[in-house]
Amino acid sequence: MLENSIGPVPLQAYLIVAAFLFCTGVWGLINSRNAVRVLMSIELMLNAVNINLMSFSSYIDGSIIRGQVFSIFVITVAAAEAAVGLAILLSLYRNRVTIDMESFNLLKW
Amino acid sequence: MNIAFSTELICFLILSSVIVAGSLAVVLLENIVYSAFLLGGVFMAVAGLYLLLNASFVAAAQILVYVGAVNVLILFAIMLVNKKEKLKPIEGLKIRKFISGGVCGGLLLLLLRVSITTKWNLPGPTSIGEEATERIGEHLFTDYLLPFELASILLLMAMIGAIVLARRDVSIPTDDINDFKDQKSLSDKKIPLLSETSLK
């Protein structure tokens, strides 16, 4: 099952790396108390999804490469998300003078 | 196994170990500045994986957008908000980290099991290699034209939204709206959104 690939690196190896990157991002997203680190974890998760898309595009959809187009769109949306997220973070910092995630409980209960 | 195969294998092993160690360091390191620089390293290693997958255009886009724009933006945000603050201790933080680590480890095991036991449809059609850039251009201007244009609108909206959100003082233009006198006095007094007691 692992042998029927084209190159020396099987598809599953890329998927495993992407899975690890995604789980690290999820853990950081839950556990970070610095708001900037939360945004960094989101970027890690988006990169994991991109690795999945690119590896499927190269191994299974090698002639049409729809996965590469999708990952370009994901990169675009990630750039927009980072810009807006950091702007929100800056205005939050001006209002509350902290970036501790535990103190952003304005909408809680 | 000829030399090209072993070179590709070694490159993949180096890049994936950089990704794994770098992502762990991004999440776990105490100093946020180190995390930001290591995040740039992880992005570049991901771009190297794209090069191994015969996708030079997406690798260049990854370097330009992620390392050149997003990472620099994150560094600027860190410089703007980098205040040494003592975080309030929370009870049950250790147990929370432990539980979430268990959940993420379970998710990892699930993903590993799915990716290993699934019968992927391999080998697919032969990869077109370096013609990928032309093919991406054809896709973007024929069957993915609408998402492409929507992406440009999204980027414009994000740019305007970021400017509006990060502007220092937002005053309401009241020259032509005479009815909102109260709002003008509100914005002139610069009442903070939260009272002083809640900031403590």
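1. Confidence by element in chain B. This is a predicted model. Among the elements of chain B, α2(B) has the highest mean pLDDT, 95. The lowest mean, 52, belongs to helix α7 of chain B, residues 181-189. Residues 176-180 of chain B have a pLDDT below 50. Beyond near neighbours in sequence, that stretch has two contacts in the model. Across chain B the average pLDDT is 84. A score of at least 70 is reached by 84% of its residues.

2. Confidence in the complex. The predictor assigns an ipTM of 0.90 to the complex. The pTM is 0.84.

3. Layout of chain A. Chain A has three helices and zero strands. From the N terminus, the order is α-α-α. The radius of gyration of chain A is 18 Å, whereas the globule rule gives 13 Å for 109 residues. Chain A is therefore more spread out than a compact globule. Along the principal axes, its C-alpha atoms fill a box of roughly 55 × 25 × 25 Å. Of its 109 residues, 53% count as buried. Take the contacts in chain A between residues at least 6 apart in sequence: 49% of them join residues at least 24 apart.

4. Helix α3 of chain A. α3(A) has 31 residues. From first C-alpha to last, α3(A) reaches 44 Å. That is close to the 45 Å expected at 1.5 Å a residue. Val97(A) follows α3(A) and has a positive phi, near 55 degrees.

5. The A-B interface. How many residues of each chain are in contact with the other? In chain A the count is 70, and in chain B it is 77. On the chain A side, the elements that give two or more residues are α1 (11-31), α2 (35-59) and α3 (66-96). The largest share of that side, 23 residues, comes from α3(A). By class, the side of chain A that touches chain B has 43 nonpolar, 20 polar and seven charged residues.

6. The nonpolar core. The largest nonpolar core has 69 residues. Residues of both chains are among those with the most contacts inside it, including Ala18(A), Ile51(A), Val46(B) and Tyr50(B). From chain A, α1, α2 and α3 each supply at least two residues of this core. α2(A) gives the most, with 13 residues. In soluble globular proteins, nonpolar side chains tend to be buried together.

7. Val17(A) lies in helix α1 of chain A. Val17(A) counts as buried because it has 24 C-beta neighbours inside 10 Å, and the cut-off is 20 or more. Leaving aside neighbours within four places in sequence, Val17(A) is in contact with Ile51(A), Ser16(B) and Ile19(B). The C-alpha atoms of Val17(A) and Ala48(A) are separated by 8.0 Å. These two residues are 31 residues apart along the chain.

8. Positive phi in two loops. Most residues other than glycine have a negative phi. Ile65(A) has a positive phi, near 45 degrees. Ile65(A) sits in the loop between α2 and α3 of chain A. Is Ile65(A) buried or exposed? Ile65(A) is buried, with 24 other C-beta atoms within 10 Å. In chain B, Asn54(B) has a positive phi near 65 degrees. Asn54(B) is in the loop between α2 and α3 of chain B. Asn54(B) counts as buried, with 21 C-beta neighbours inside 10 Å.

9. Pro10(A). Where is Pro10(A)? Pro10(A) is in the segment before α1 of chain A. Pro10(A) has 20 other C-beta atoms within 10 Å, so it is buried. The C-alpha atoms of Pro10(A) and Ala82(A) are separated by 32 Å. Along the chain, Pro10(A) and Ala82(A) are 72 residues apart.

Terms used. Residues are numbered from 1 along each chain as its sequence is written. Chains are lettered from A and ligands numbered from 1 in the order in which they are written. This is a predicted model: local features need pLDDT of at least 70, side-chain atom pairs count only at pLDDT 80 or more; totals for chains, interfaces and linings use all residues. Two residues are in contact if their C-beta atoms, placed from the backbone, lie within 7 Å. Helices (H or I, at least four residues) and strands (E, at least two) are DSSP runs, numbered from the N terminus. Ala, Val, Leu, Ile, Met, Phe, Trp, Tyr, Cys and Pro count as nonpolar, Asp, Glu, Lys and Arg as charged, and the others, Gly among them, as polar. The radius of gyration is taken over C-alpha atoms; the globule rule is 2.2 Å times the number of residues to the power 0.38. A residue is buried if 20 or more other C-beta atoms lie within 10 Å of its own, exposed if 12 or fewer, and partly exposed in between; C-beta atoms are placed from the backbone. A nonpolar core is a set of buried Ala, Val, Leu, Ile, Met, Phe, Trp, Tyr and Cys residues joined through C-beta atoms within 7 Å. pLDDT is the predictor's confidence in each residue, from 0 to 100. The expected span of a helix is 1.5 Å times one less than its number of residues.
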